[in-house]
Amino acid sequence: MINKKKRKRDLYTEVYTLGQHIRMSTHKARRIIDQIRGRSYEETLMILELMPYRASYPILKLISSAAANASHNMAFNEADLMISKAEVNDGTTVKKLKPQARGRGYLIKKSTCHITIVLKNISLYKEYEV
């Protein structure tokens, strides 16, 4: 039996967005997520817009959705947001049969992934440091 500790999230400073069943490989998504983890929201937008990878567009949409949630639901300023947690997990694999010669079928596997983005408001921490 595995004992898992659940980390208590700070509900007043964090906003998260979850994208499920995104049609891309987890390796390709992790290559981009590793570049933006721990950066500010505005810096992340600049990095993602200039990246030449196709996988950066769904991640850009998720991050902008999380920032919209933060500004609308929690009344956070977008300049004070930073990416505190970003993770990519395996999703389901879509399997198709491609017809081959002599009545055989070739299995085509298309992988999906789940991406979780957590934004943290750092303006509250700045007030305590001063």
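Q: Why is Ala75 called exposed?
A: The relative accessibility of Ala75 is 65%. Exposed means over 50% relative accessible area, buried means under 20%, and partly exposed lies in between (1.4 Å probe, protein chains only), so Ala75 counts as exposed. The model is a predicted one, in which local features need pLDDT of at least 70, side-chain atom pairs count only at pLDDT 80 or more, and totals for chains, interfaces and linings use all residues. Residues are numbered from 1 along each chain as its sequence is written, and side-chain values use heavy atoms, leaving out hydrogens and water.

Q: Where is Ala75?
A: Ala75 is in the loop between α3 (56-73) and β2 (81-99). Helices (H or I, at least four residues) and strands (E, at least two) are DSSP runs, numbered from the N terminus. Ala75 has a positive phi near 60°, although this residue is not a glycine.

Q: What makes His21 partly exposed?
A: His21 has a relative accessibility of 46%, so it counts as partly exposed. His21 belongs to strand β1 (residues 14-22). Its phi is positive, about 55°, and His21 is not a glycine.

Q: How do you know that Thr44 is buried?
A: Thr44 has a relative accessible area of 0%, and therefore counts as buried. Thr44 is part of helix α2 (residues 41-50).

Q: Which residues does Thr44 touch, not counting those up to four places away in sequence?
A: Thr44 touches Ile36, Arg39, Ile63 and Ile83, where contact means heavy atoms within 4.5 Å.
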